[in-house]
Amino acid sequence: MAQRVTDVVPAGFHVERTALEADRVVIWVRAKSNDCACPDCGQRSVRVRSRYWRRPADLPLGGRRVELRVMVRRFQCDAVLCPRRIFAERFAERALAPLARRTERLDHIVHHLGLALGGRPAAAFAARLMTPVSNDTLLRVVRRRARPPADPLAVIGIDDFAWRRNHRYGTIVCDLERRRPVALLADREQATAEDWLRDHPNIAVVARDRGGGYGEAIAKALPNAIQVADRWHLMHNASQAFLDAVRKSMRQIRRVIGAATINPDLLTSAERLQYEGYLRREETNVAILALWKDGVSIKQIVKRTGHHRQTIRRIVRGERSDVFRPRQSSLEAHLPWLDAQWGAGVRNAAALWRELRAQGFRGSARVVAEWATRRRQADRADAGSLARTPSARTLARLMTTSRDNLSKSESVTIAAIEEGVPSLVEAREVIADFHGMVRAKAEGQLPAWIDRAANSLVGSFANGIRRDIVAVRAAICSPWSNGQTEGQVTRLKLVKRQMYGRAKLDLLEARLIGAA
Ligand SMILES: [Zn+2]
């Protein structure tokens with residue numbers, strides 16, 4: 001019986017006796033070995049001078065909590081040169097640490113409870129698991145076991161996070177090489193970040209958001225570190241700049257759209273734009289296929305053209321017709337001609353079809369009939385829907401969506417804006433070029449782009465880029481990005497929410513870093 005009980009206590013202990021009480025099991029144990037090494041000189045001793053008891057908790061057993069009564073011996077060290085005369089028995093680190101109130105295996109469970117549930121909820125759950133530990137104890141264990149980063153930091157990301165939305169902010173620092181958070185700072189003040197950075201002089205690269213005081217803090221604390229602006233924010237800010245340009249132009253836009261009682265020329269130009277989009281895609285396809293035939297790798301093509309890898313793969317595989325438009329019309333190439341006929345008053349679908357067939361169109365008469373129906377409906381619908389001006393956000397989206405995804409009335413609206421507000425068309429091109437430049441990692445084009453953009457509707461965005469040019473350059477060509485840090489902020493929010501808003505900085509830090 002005693003032998004079997006020995007199997008349930010931590011390794012290295014021998015069970016002397018047990019007592020089953022109402023809510024707990026008490027197990028008297030002692031170390032199996034007769035001797036113990038002196039912690040100072042390492043010489044083993046068998047000379048026991050006295051004994052005392054420790055009462056650490058262990059894993060629960062059969063629904064009862066377990067209390068060990070560990071007999072601890074005091075040994076005498078006989079080594080001649082050893083300064084220590086008496087030492088208390090040490091147990092295997094994996095079983096019971098010196099001074100610990102829990103066996104190592106119970107401490108491990110408590111740590112993970114704390115990581116998973118935070119302070120108070122974890123304490124409640126621990127009680128149900130028959131391992132009663134207080135709220136404070138849980139937090140203490142989590143803090144104690146949080147692993148400090150072993151290697152000096154070299155590449156970090158820094159970003160802010162909200163303690164409370166729009167209220168109070170902190171700062172999170174992530175190790176981008178090892179993909180884990182390393183520190184939380186109490187606020188997002190420049191001075192706080194500066195102090196922390198100064199304590200980590202090995203940092204060579206810092207990825208950060210644009211704006212905020214982090215740029216200055218890094219420049220002051222680590223003047224030699226490379227600053228990398230965040231690529232995602234760059235792209236996002238560029239889109240935002242275009243939206244602002246649309247907002248600034250709303251008065252002109254309203255005038256242009258309002259004036260457009262259905263103008264047949266506009267309809268034609270909407271169709272023409274669709275057709276031009278089609279031609280442009282064809283051109284791209286031909287260019288990409290030519291590169292591919294010359295033996296240029298897909299990776300290189302992505303770099304040179306700025307198109308998405310997936311797009312290029314499809315073109316190369318010959319699935320080009322459905323690259324941009326899943327339902328391409330067989331009428332596509334004939335639209336300008338059809339449009340001209342329609343404009344000239346030829347509305348008979350059967351007659352149009354016969355002429356098209358003579359030109360080599362191979363589709364059925366129904367295709368043309370359906371086009372004519374849509375066209376008639378569009379003529380009616382567009383007159384009505386043009387009266388309302390969509391929001392700036394909608395317009396910005398429509399202006400940057402591929403033509404094929406626009407409805408007829410949307411195409412007309414956009415065509416009207418493009419004709420009436422050319423400065424907005426220019427702004428759109430400037431922003432598209434910026435996106436292309438970042439995607440293609442063509443940082444060499446940056447100065448020329450800034451010069452061109454400075455005089456456009458997105459001039460203030462361009463000036464911001466100019467002020468932060470070193471970090472923007474790095475964002476375009478550096479492999480490091482702050483995207484990872486944002487992921488950690490998301491995790492942090494989750495952990496914070498679990499703590500019911502009572503998160504203290506050091507505990508939040510311990511939970512976030514300890515679990516990484
Ligand atoms: Zn000794």
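Before the first stop, a rule: four donors count as tetrahedral if all angles lie between 85 and 135 degrees. Donors here are N, O and S atoms within 2.8 Å of the metal (3.2 Å for Na, K and Ca), and water is not among the atoms, so sites may look incomplete.

One caveat to keep in mind is that this is a predicted model, in which local features need pLDDT of at least 70 and side-chain atom pairs count only at pLDDT 80 or more, while totals for chains, interfaces and linings use all residues. Residues are numbered from 1 along each chain as its sequence is written, and side-chain values use heavy atoms, with hydrogens and water left out.

**Stop 1: the zinc ion**

Select the zinc ion plus C38, C41, C77 and C82: the SG atoms of these cysteines are its protein donors, at 2.2 to 2.4 Å. The angles among the four donor atoms are 100 to 120°, and the site is tetrahedral. For reference, ideal angles for four tetrahedral donors are 109.5 degrees. Along the chain, the donor spacing reads C-x2-C-x35-C-x4-C.

C38 is in the loop between strand 3 (36-37) and strand 4 (44-45), and C82 is in the loop between strand 7 (64-76) and strand 8 (86-88), so the pair ties together parts that are 44 residues apart in sequence. Strands are DSSP runs (E, at least two residues), helices are DSSP runs too (H or I, at least four), and both are numbered from the N terminus. Are C38 and C82 buried or exposed? Both are buried, where buried means under 20% relative accessible area, exposed over 50% and partly exposed in between (1.4 Å probe, protein chains only).

**Stop 2**

Ten of its 13 residues are buried, so strand 7 is largely enclosed by the rest of the structure. Two strands pair if DSSP finds at least two bridges between them. Walk through these partners:

- Strand 2 (residues 24-31) runs parallel to strand 7, with seven bridges; R30 is opposite M71.
- Strand 5 (residues 48-54) is antiparallel to strand 7, with six bridges; W53 has M71 as its bridge partner.
- Strand 6 (residues 57-61) is antiparallel to strand 7, with three bridges; D58 is opposite V66.
- Strand 8 is antiparallel to strand 7, with three bridges; Q76 is opposite I86.

While you're at strand 6, zoom in on the hairpin it makes with strand 7. There are two residues between the strands, and G62 takes a positive phi near 55°.

**Stop 3**

Strand 10 (residues 168-175) pairs with strand 11 in the antiparallel sense over five bridges, and C174 is opposite P181. Axes are lines fitted to C-alpha atoms (for helices, over the stretch in contact), and angles run from 0 to 180 degrees between N-to-C directions.

**Stop 2: two crossing helices**

Select helix 16 (residues 408-420) and helix 17 (residues 422-439). Their axes come within 5 Å and cross at roughly 100°. Helix 16 and helix 17 are therefore roughly perpendicular, a label for angles of 65 to 115 degrees. Show side chains for I417, E418, E419 and G420 in helix 16, which meet P422, L424, V425 and R428 in helix 17. Contact means heavy atoms within 4.5 Å.

**Stop 3: two single residues**

F461 is in helix 19 (residues 459-467) and is buried, with a relative accessible area of 8%. Its C-alpha atom is 9.9 Å from that of D244, 217 residues away along the chain. Then click A369 in helix 14 (residues 365-385); at 30% relative accessibility, A369 is partly exposed.

**Zoom out**

Finally, show everything: the protein has 22 helices and 13 strands, and buried residues make up 45% of its 516 residues.

Conventions. Four donors count as tetrahedral if all angles lie between 85 and 135 degrees; four count as square planar and six as octahedral if opposite donors are over 155 degrees apart and all others between 65 and 115; anything else is irregular. Angles under 35 degrees count as roughly parallel, over 145 as roughly antiparallel, 65 to 115 as roughly perpendicular and the rest as oblique.
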